[in-house]
Amino acid sequence: MAEIGRELLALPWRAVLERYPYAEDFFQANGLGGLDFPSPSLGRDIEALDEDILDDVGISREELAENFLLFIGRMERLKRKSASLESLTILGGRRKDGEPERLDLTIRRGEVLAIVGPTGSGKSRLLADIECLAQGDTQTGRTVLVDGRKPTPQERFSIENKLIAQLSQNMNFVMDLPVLEFLNMHGESRMISGIGEVAGRIFEHANELAGEPFSPKTPLTQLSGGQSRALMIADTAMLSTSPVVLIDEIENAGVDRKKALELLVQEGKIVLMSTHDPLLALMGAKRLVIENGGGKTVIRTSERERENLAALERIDRKMQRLRNQIRLGGAIEYSVAGYFAEGEER
């Protein structure tokens with residue numbers, strides 16, 4: 001039985017709509033839109049429905065009442081944010097050679113963990129273990145804890161309010177909606193109040209992240225790979241209820257990766273990313289080195305590395321200006337060595 005309970009059916013239809021304005025959508029979706037429900041209780045109205053009408057839509061009175069309660073229950077769960085997760089812990093399993101993986105690593109809210117290692121070392125396998133909140137039941141034998149405890153079956157397998165969101169290297173849209181319409185639709189599906197303002201801010205952030213700007217009316221299917229990734233990073237940061245975000249090689253996305261990480265962190269996410277990029281690797285408080293399918297060591301970012309990060313960011317900004325110059329049809333006729341040797345502004 002749905003969480004809302006049978007008492008909902010004892011209310012008149014007008015009271016049901018005042019409490020749950022989307023209730024009418026259920027009847028419309030079932031081919032029963034526009035019906036008059038005049039009695040003192042919705043349950044009586046359902047009991048009084050004409051048999052021919054129910055036969056036309058292929059549902060019994062009992063199924064209609066039961067499905068309505070389930071629908072309201074699911075919609076209410078969508079309105080609730082996932083429980084605030086303070087930490088995620090990864091306990092080692094076994095390496096590719098069968099040897100024990102000596103790993104006991106905790107990442108806390110607002111932290112970024114970089115996962116580094118050669119191609120084929122097992123970075124993506126680690127992200128997959130985290131995504132499914134492995135409990136010794138994957139090929140690696142790893143265990144993932146939430147706030148120091150084993151996740152409940154609902155936390156592992158629930159479709160609504162998942163704890164883990166993953167941004168893969170390829171983002172392909174199948175809906176041909178304009179960008180802003182998509183964002184509004186996503187927000188409405190999550191019962192976000194004031195979605196127009198929220199969608200506008202998501203769009204602005206996405207344009208800041210993208211290497212090439214796009215308009216609110218741009219169809220999703222016309223977005224470039226970088227634009228698609230930028231849109232989904234902003235959407236995940238501001239609309240997703242998942243407190244943990246997994247990112248696979250964001251450096252290949254054509255987005256402003258520093259701003260992307262800052263946006264996710266300021267929204268209180270726990271961020272884990274596999275990367276080969278030294279700039280990204282040094283942005284995290286620590287990085288996990290993967291070798292032969294297992295965690296080899298955890299390196300905490302040192303003060304010297306943070307100083308190097310500042311220098312890398314200056315170089316990266318200059319590289320970005322060069323990319324934009326080439327993208328816009330410019331020529332690089334000046335000394336590149338001198339360009340990088342001089343100050344921040346040319």
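Student: What should I know before we start?
Tutor: The model is predicted: local features need pLDDT of at least 70, side-chain atom pairs count only at pLDDT 80 or more, and totals for chains, interfaces and linings use all residues. Residues are numbered from 1 along each chain as its sequence is written, and side-chain values use heavy atoms, with hydrogens and water left out.

Student: Strand 8, then. How many of its residues are buried?
Tutor: 5 of the 6, in residues 286–291. Buried means under 20% relative accessible area (1.4 Å probe, protein chains only). Strands are DSSP runs of E, at least two residues, and helices are runs of H or I, at least four, numbered from the N terminus.

Student: Which way does it pair with strand 3?
Tutor: In the parallel sense, over 4 bridges; strand 3 is residues 112–116. Two strands pair if DSSP finds at least two bridges between them.

Student: And with strand 9, in what sense?
Tutor: Antiparallel, over 6 bridges, with strand 9 at residues 294–300. The two form a hairpin with 2 residues between them. N292 in that turn has a positive phi of about 55°.

Student: What stands opposite R287 in strand 3?
Tutor: A114. On the strand 9 side, the bridge partner of R287 is I299.

Student: New topic. What is the volume of the largest pocket?
Tutor: About 490 Å³. A pocket is an open set of points on a 1 Å grid over the protein atoms alone, with protein on both sides within 12 Å along at least five of seven lines; lining residues have an atom within 4 Å of a point. The volume is the space filled by probe spheres set on the points, which are joined across faces, edges and corners.

Student: What does helix 9 pack against?
Tutor: Its buried residues pack against helix 8 (179–189), helix 10 (225–238) and helix 11. Contact means heavy atoms within 4.5 Å. The buried residues include I195, F203 and L209.

Student: Last one. How many cavities of 30 Å³ or more are there?
Tutor: There is 1. A cavity is a set of points where a 1.4 Å probe fits but cannot get out. The largest has a volume of about 40 Å³, and its lining includes E131, R156 and K162.

Methods. Buried means under 20% relative accessible area, exposed over 50%, partly exposed in between (1.4 Å probe, protein chains only).
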